[in-house]
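Subject: Structure handover

Hi,

Here is the structure I promised to pass on.

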Amino acid sequence: MASKILVVDDEPDLELLISQRFRRDIRDGTFIFRFARDGQEALDTLQAEPDIELVLSDINMPGMSGLELLPKAKAMRPGVPIIMITAYGDAETKRKALANGAEALLTKPIDFGMLRSEIDMRVGRAA
């Protein structure tokens, strides 16, 4: 059965990039990706789709930031791991993300090998 992953980012190019980089996994039914453009859309998707196993969220987004989304998503779905993605990998951002329940913080540009490793470690654990 495919693992469903929610990607939250206001950059439309990320959807295309993930679709390209994971095309075999998508075609083979390993992963299903859902995309949300902001924090509220992410919360709505988490509510509507209880089978989401992992969230990948950008930190810097208009409206609700990823750091504001993080505790709300964890409260709604505490068993779903969340990986934060940022262009600014400073120590304070990492501390805030991890303190609020993120399991990892990846920096942009995304290293897709590392992202795949992070996904593989976490899918199948969502409650």
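Below is what turned up, grouped by topic.

A word on how to read it: this is a predicted model, so local features need pLDDT of at least 70 and side-chain atom pairs count only at pLDDT 80 or more, while totals for chains, interfaces and linings use all residues. Residues are numbered from 1 along each chain as its sequence is written, and side-chain values use heavy atoms, with hydrogens and water left out.

The cores

Let's start inside. A nonpolar core here is a set of buried Ala, Val, Leu, Ile, Met, Phe, Trp, Tyr and Cys residues joined through side-chain atoms within 4.5 Å. Buried means under 20% relative accessible area, exposed means over 50%, and partly exposed is in between (1.4 Å probe, protein chains only). The largest nonpolar core has 20 residues, and L6, V8, V55, L69 and M84 have the most contacts inside it. At least two residues of this core come from each of strand 1 (3–8), helix 3 (39–48), strand 3 (52–58), helix 4 (66–76) and strand 4 (82–86). Helices (H or I, at least four residues) and strands (E, at least two) are DSSP runs, numbered from the N terminus.

Leaving aside residues up to four places away in sequence, L69 touches V8, G39, A42, L43, S57 and M64, where contact means heavy atoms within 4.5 Å. There is also a second, separate core of 18 residues, which includes V7, I18, I85 and I110.

Helix 6

Next, helix 6, residues 112–122, whose buried residues are F112, L115, E118, I119 and R122. Looking down the axis of helix 6, you'd see these buried residues fall within an arc of 115°, so they line one face of the helix. (The arc is that of the directions from the helix axis to the C-beta atoms.) What do the buried residues of helix 6 pack against? Their partners are strand 1, helix 1 (12–21), strand 2 (31–36), strand 3, strand 4 and strand 5 (104–107).

At the start of helix 6, a side-chain oxygen of D111 comes to within 3.0 Å of the backbone nitrogen of G113. G113 lies in helix 6 and, at 46% relative accessibility, counts as partly exposed. R21 is 92 residues from G113 along the chain, yet their C-alpha atoms are separated by 9.9 Å.

Salt bridges

I count a salt bridge when a side-chain nitrogen of Lys or Arg is within 4 Å of a carboxyl oxygen of Asp or Glu, and the structure holds 12 of them. Here are some to look at:

- R122 and E103: the closest N and O atoms are 2.8 Å apart. This pair links distant parts of the chain, with R122 in helix 6 and E103 in the loop between helix 5 and strand 5, 19 residues apart. R122 is buried at 9% relative accessibility, while E103 is partly exposed at 30%.
- R95 and E92: the closest N and O atoms are 2.8 Å apart here. R95 and E92 are three residues apart in helix 5 (residues 91–99), so about one helical turn separates them. R95 is partly exposed at 47% relative accessibility, and E92 is partly exposed at 38%.
- D120 and R116: their side chains meet at 2.9 Å, N to O. Both lie in helix 6, four residues apart, about one turn of the helix. D120 is partly exposed at 43%, as is R116 at 25%.

Salt bridges that share partners also join K4, R34, E49 and D51 into one network.

Aromatic rings

Finally, the rings. Rings of Phe, Tyr and Trp (its six-membered ring) pair if their centres lie within 6.5 Å; planes under 30 degrees apart count as stacked, over 60 as edge-to-face and the rest as tilted. Searching the whole structure finds five aromatic pairs. F22 and F31 make an edge-to-face pair, 6.0 Å centre to centre with 75° between the planes. F22 is buried at 4% relative accessibility, and F31 is buried at 2%. The rings of F22 and F33 have their centres 5.3 Å apart and their planes at 50°, so that pair is tilted. F22 sits in the loop between helix 1 and helix 2 (23–27), and F33 is in strand 2, 11 residues apart. F33 is buried as well, at 10%. F22, F31, F33, F35 and F112 form one aromatic cluster.

Cheers

Conventions: The arc is that of the directions from the helix axis to the C-beta atoms. A polar contact is a pair of N or O atoms within 3.5 Å; within protein, one must be able to donate a hydrogen and the other to accept it, and residues adjacent in sequence count only if both atoms are side-chain atoms.
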